[in-house]
Amino acid sequence: MSAPISLKDLTIENITDNVHAINSQCGNPRLKYILEKTVTHIHELAKEVRLTTDEWMTTLLFLTRVGQMSSDTRQEFVLLSDVLGLSLLVDSIDHPKPRGSTEGTVLGPFHTHEAEHSNQGSVISHDPDGQPLLVLCTVKDIHGNPIPGTQVDVWETDSKGFYDVQHADRTGLDGRAILTSDDNGNFWFKAIVPVPYPIPHDGPVGQLLKVLDRHPYRPSHMHFMFKKAGYDLLVTALYLKDDPYESTDAVFGVKNSLVVPLQKVEDEQQAKTYGVELGSALITYDFVLVTDEAVAGLRRQRAEEAMASLPGKFKFVDDLPVPDVD
């Protein structure tokens, strides 16, 4: 058993080292590393801005309210991560995508595991006020080969900008479904044209945006999640081109490669094949998945490059960097 660690006479200059010394007893090297960096950056922030007691208490009470607001259908902490750009950053680090593959984006706070499996061509939205939309997509690998049997989780808001779980009087699911790509990697369904909408801003995150003079709006979009054994999980979305909030998304989710034009069904045979009226709104997109192996290799490569720019030596435990301490 190692000797107990004794704290020094605590001062502004040595408090960080003292916290590190106590936390160094942690047996999990990855947790120890993350906590060490977290403490270092928080302490440096407090010293750099000369944080006051009142300011820190305001922060703690704010985070308390964020937690109190969170529930199974209202993930306020996810929302906070989103509006700070942290969600997109973490996804980009953990799920790097090689050139030619579909980029990921934020999951958002309104995904659920309640969606039902639906057949090709299913109507996923029954909002009578929504503009009908035909969605035709493919799922392929980086070499252009179709990926059959891919589980595709889809969800969107209604025409008023609300997800089904936001309605207290809801009697079932709407605007969401789980489909499966066919032997040719195709999947298609009928929905409604996405609309821009504000993220929930009646809570602490909304109050933060107001203080920052930021709007709460997201551009028109539709969410997708792809699951297939052997392939990296893809959480992404398609955004409508020329939306008024395309370049100022409140949760920083828009990427150029995910912006698509709203088209029209102009071919009579296509309209007949998919059972829609000529002139109906149309979205098409070819999604490209990447293997687990390829993503793991790219993630390791980028981690090694990032660690090379930092002082000290590093090693990898479970393919994640930790300090290499002799």
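1. Which residues does UniProt list for "domain: Catechol dioxygenase N-terminal"? The unreviewed entry gives 28–101; UniProt annotations may be inferred rather than shown by experiment. Over residues 28–101 the chain is 74% helix and 0% strand (DSSP runs: helices H or I, at least four residues; strands E, at least two). The end C-alpha atoms of this stretch are 34 Å apart.

2. The model is predicted: local features need pLDDT of at least 70, side-chain atom pairs count only at pLDDT 80 or more, and totals for chains, interfaces and linings use all residues. Residues are numbered from 1 along each chain, and side-chain values use heavy atoms, without hydrogens or water.

3. The largest nonpolar core has 30 residues. A core here is a set of buried (under 20% relative accessible area, 1.4 Å probe, protein chains only) Ala, Val, Leu, Ile, Met, Phe, Trp, Tyr and Cys residues joined through side-chain atoms within 4.5 Å. Val 154, Phe 187, Phe 189, Met 222, Phe 224, Phe 226 and Phe 287 touch the most other members. Strand 8 (234–240) gives two or more residues to this core; its share, five residues, is the largest.

4. A second, separate core has twelve residues, among them Leu 80, Ile 199, Leu 209 and Val 251.

5. The largest pocket holds about 840 Å³. Its lining has 23 residues; Arg 30, Tyr 33, Ile 34, Ile 93 and Met 307 lie nearest the centre. A pocket is an open set of 1 Å grid points where a 1.4 Å probe fits, with protein on both sides within 12 Å along at least five of seven lines; lining residues have an atom within 4 Å of a point. Helix 2 supplies the largest share of this lining, seven residues.

Note on methods: Buried < 20%, exposed > 50% of the residue type's maximum accessible area, 1.4 Å probe, protein only. Points joined across faces, edges and corners; volume = space filled by probe spheres on them.
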